[in-house]
Structures are given as structure tokens and as C-alpha cells.
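Please look over the sequence and the structure before reading on.

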Amino acid sequence: MRTIHTKALAALVLMASFSCNEKSTELQIEKSTEVTAKEILGNPAYLAISFEGYRERSRDIQPSVDQLKEDLKILSAMGIKLVRTYNVQLAHAATLLKAIQELSKEEEDFEMYVMLGAWMDCKNAWTDLEPDHGVESEQNAQEIARAVALANSYPEIVKILAVGNEAMVKWATSYFVQPDVILKWVNHLQALKAAGDLPKDLWITSSDDFSSWGGGDPSYHTEDLKKLAQAVDYISIHTYPYHNSHYNPDFWRVPLEESKLSPIEKVDQAMLRARDFAISQYDSVANYMKSIGVDKPIHIGETGWASLSDGFYGPQGSKAADEYKQALYYQHMRKWTNQKGISLFYFEAFNEQWKDAGNPIGSENHFGLFGLKGEAKYALWDLVDQGIFKGLTRDGNPIVKTYNGNKERLLQDVLAPPAH
């Protein structure tokens with residue numbers, strides 16, 4: 001085991017707070033050893049997160065190498081060693097890989113790997129024409145080619161390649177494709193591996209909603225999905241109790257037996273139910289995979305909780321969005337997944353404001369554990385107190401607590417869920 005430096009030690013302290021696995025420190029792999037996806041997925045010494053470093057209201061303004069280095073140092077300090085990206089159409093992923101490569105050379109104790117996403121669309125996606133969900137976009141082949149090129153250029157960093165993001169779920173009406181499209185490209189990538197044209201230990205998956213992986217509506221239970229489950233190296237599912245607090249709220253509403261609890265006690269109980277809701281969706285996929293004879297690892301490619309919303313999840317809606325609830329969800333999910341040997345690509349590292357550019361307080365802009373200026377939300381206040389972010393900045397801003405660290409003021413923004 002290599003020497004534990006200050007940041008690595010802080011990471012181990014963090015893992016101990018989220019996991020009852022007292023032997024997690026033994027899972028650290030020698031940096032001099034070639035690390036593979038098989039070894040790091042499900043390993044609590046390699047915490048994962050979804051990350052894109054966009055600062056502005058448009059992705060036309062791409063983050064620089066230096067900006068991404070700042071972000072990576074912050075994530076590394078909190079124990080993150082595996083980050084997920086979403087597309088290679090834009091420069092972000094390539095810039096990120098360059099930043100990781102440079103940091104690995106500059107800092108002895110820096111270690112970071114990537115789950116590289118290749119975006120998939122149907123024909124006419126994101127245009128004024130009617131999306132044709134039975135035909136794939138002409139752009140998909142180019143996207144796969146770019147992803148292959150990056151995986152081959154940075155084999156020491158890219159450990160996973162994900163074909164599509166929520167590309168098969170039918171509520172993604174702007175762009176979803178049928179499973180045979182994802183299957184086609186997964187088979188293509190697996191053939192490249194077999195031929196030695198991709199690293200042999202690169203794991204291939206598709207990251208999609210739990211229902212797309214057979215855990216929900218039986219209409220998804222197709223032969224192509226079964227073939228896809230057999231073709232990938234592991235299953236990557238998404239689960240969002242946060243969104244279901246509006247769309248499927250039975251688990252969220254305060255039951256009669258809890259009606260006399262204090263507001264904060266109602267919230268505490270609701271967040272345990274949110275965790276259990278996510279676990280139930282994970283289990284539904286596991287049960288489906290078992291039913292079709294597929295025995296492969298299942299990891300969580302995405303889940304998260306927004307800290308602010310003026311829409312379905314705000315004061316006039318499900319009352320789900322605030323930093324206190326976000327912190328509880330993050331902590332509950334880290335603890336459960338670490339104990340079970342499941343990788344959790346928590347969504348997401350930093351707020352991004354391009355997602356709902358016309359509405360600054362739109363929910364999609366506020367899933368980050370950090371604000372745009374590097375403000376550490378309540379989930380990370382303890383880490384600020386530990387001093388692990390000392391000397392680190394985001395765009396020149398030191399890492400400080402939101403609400404100026406005033407918990408009483410934070411709690412004033414916390415609302416109990418609606419009653420049944």
C-alpha cells in the first residue's frame with residue numbers, strides 16, 4: 001500500500017463517516033498498478049461522482065484546463081477518484097482528460113479515473129422536426145468514434161465507456177432510441193476490445209433509468225434489452241426519489257402515524273423513505289436481471305437531490321428541495337452503497353446554470369454539492385470543518401460553507417413534505 005498523503009487521509013476519514021466497512025482502507029490499489037474498472041467499481045476507496053465543470057449559462061463557453069484542475073483538486077480532496085461525463089460532442093471531456101493527465105504528473109498523490117459518456121440520439125433529435133424514435137441519429141457513429149479515440153488516447157484514465165445517457169427511457173421524448181441502437185454500439189465496442197482496438201480491461205455499459213433496465217413497466221422487457229444486458233460488462237441504473245416526490249409521491253407524503261412529529265422529524269423520516277425508494281428501484285432491476293439469467297454487477301450511474309426549486313419540488317409543490325434534505329440523501333446513499341459494494345455516481349459535483357438558463361432558481365441548476373462559486377452545501381460542511389479544502393479555490397473563490405455556516409438559518413428554509 002502506497003504512502004497515505006494528507007488528502008488521501010482526509011478521503012479515508014470521509015469514507016469512514018459513510019461506511020461501516022472498517023476494512024475499506026485495505027481496498028486502496030497501488031497507484032503504480034494498472035487500475036481497472038473491475039477493481040474500482042464498487043470499491044469504497046474509489047468514490048464516484050457525476051461531473052461537468054460548466055460555469056456559464058451556455059455550454060458554448062467551455063471550461064479551461066486550469067478551471068477543471070481546480071475542480072478536480074476539490075473533488076480529490078473529498079475522496080472522489082472516479083468521475084462521470086456525458087458526451088464527447090463538445091470539448092469538455094477531452095479537456096478534462098488532459099487536466100487529469102497533467103495533474104497526475106504534477107501531484108504524486110493525485111489519482112482520478114473517468115467513466116466516459118457517448119451521447120446517443122434518435123433521428124431529428126433536438127430539431128424542429130418530429131423525432132423518429134425508430135431510427136438513430138446520423139451523429140451517433142461520429143460520437144462513438146470520438147469516444148473510442150479518447151479511450152485509446154487516455155487508457156490510463158478512461159476505465160468505463162457508457163453508450164447513451166437515459167437514451168432508452170420513453171419519457172426522454174426529445175431523443176430516446178430503441179434498445180437495438182444501444183445494443184448495436186455496445187456490440188461494436190466489445191468487438192473492438194476483442195480485436196485489440198480498445199483496451200481489453202475497458203468496461204462497456206449504458207447508463208439509463210431503472211425502468212429502461214427492466215425494473216419498471218413490463219413494456220421494456222424486450223428481447224433486445226435481454227441481449228443488451230448480456231452484452232454490457234455491468235448494469236448502470238439511474239434512480240431519482242427526488243423527481244418521484246412529485247410524479248410518484250406516495251412514499252414521500254407524511255403518513256398519519258407521523259403527523260404529530262416535529263417538522264424536522266418528518267423530514268428525517270421522509271429522507272429514510274427516499275433512500276428506501278431508491279433501494280427498491282435498484283432491487284427491481286436486480287430481480288429482473290436474475291429472472292433473465294443475467295448475473296452482472298449493478299451500479300448506480302446517477303442519483304441526486306436538488307437544493308432549490310421554484311417548480312414541482314418547491315414550496316408550492318412537493319417541498320423536496322433544500323440543502324438539509326440533499327445532505328441527508330447524499331449521506332444515506334453513500335452509506336448504503338459503500339456497505340453493499342455498489343458504486344454511486346452521485347449527481348452532481350457542482351451546480352451548472354446552463355441546464356435551465358432562463359430560470360436561475362430552476363431545480364436542474366441546483367443538484368450540485370457545491371455552488372457555482374465553490375460554496376460547499378450542507379452535505380459537505382463537516383469536510384470544510386476538517387480543513388480538507390484549505391488552500392483550494394474555484395475561480396479564485398475559497399471553499400466556504402453556504403449560509404455562512406449558520407445551521408439555524410439553513411433550517412428556516414426546510415419544509416416538511418405534504419401530508420397524506
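The model is predicted. One aspartate, D71, lies in helix 3, which spans residues 65-77. The other, D276, lies in helix 9.

**D71 and its surroundings**
- D71 has a relative accessible area of 0%, so it counts as buried, the limit being under 20%.
- The side chain of D71 makes a polar contact of 2.8 Å with the side chain of R394.
- Apart from neighbours within four places in sequence, the residues in contact with D71 are F51, G53, R55, F350 and R394.

**Nonpolar cores**
- The largest nonpolar core has 120 residues, and those touching the most other members are L75, M78, W213, M289, F370 and F389.
- Helix 9, residues 263-291, supplies the largest share of this core, with 11 residues.
- When residues up to four places away in sequence are not counted, F389 touches I74, A77, M78, F370, L383, V384 and I399.
- In soluble globular proteins, nonpolar side chains tend to be buried together.

**D276 and its surroundings**
- D276 has a relative accessible area of 39%, so it is partly exposed, a class that runs between 20% and 50%.
- A polar contact of 3.0 Å links the side chains of D276 and R275.
- D276 and F251 are 25 residues apart along the chain, and 9.1 Å separates their C-alpha atoms.

Note on methods: Residues are numbered from 1 along each chain as its sequence is written. This is a predicted model: local features need pLDDT of at least 70, side-chain atom pairs count only at pLDDT 80 or more; totals for chains, interfaces and linings use all residues. Side-chain values use heavy atoms; hydrogens and water are left out. Helices (H or I, at least four residues) and strands (E, at least two) are DSSP runs, numbered from the N terminus. Buried means under 20% relative accessible area, exposed over 50%, partly exposed in between (1.4 Å probe, protein chains only). A polar contact is a pair of N or O atoms within 3.5 Å; within protein, one must be able to donate a hydrogen and the other to accept it, and residues adjacent in sequence count only if both atoms are side-chain atoms. Contact means heavy atoms within 4.5 Å. A nonpolar core is a set of buried Ala, Val, Leu, Ile, Met, Phe, Trp, Tyr and Cys residues joined through side-chain atoms within 4.5 Å.
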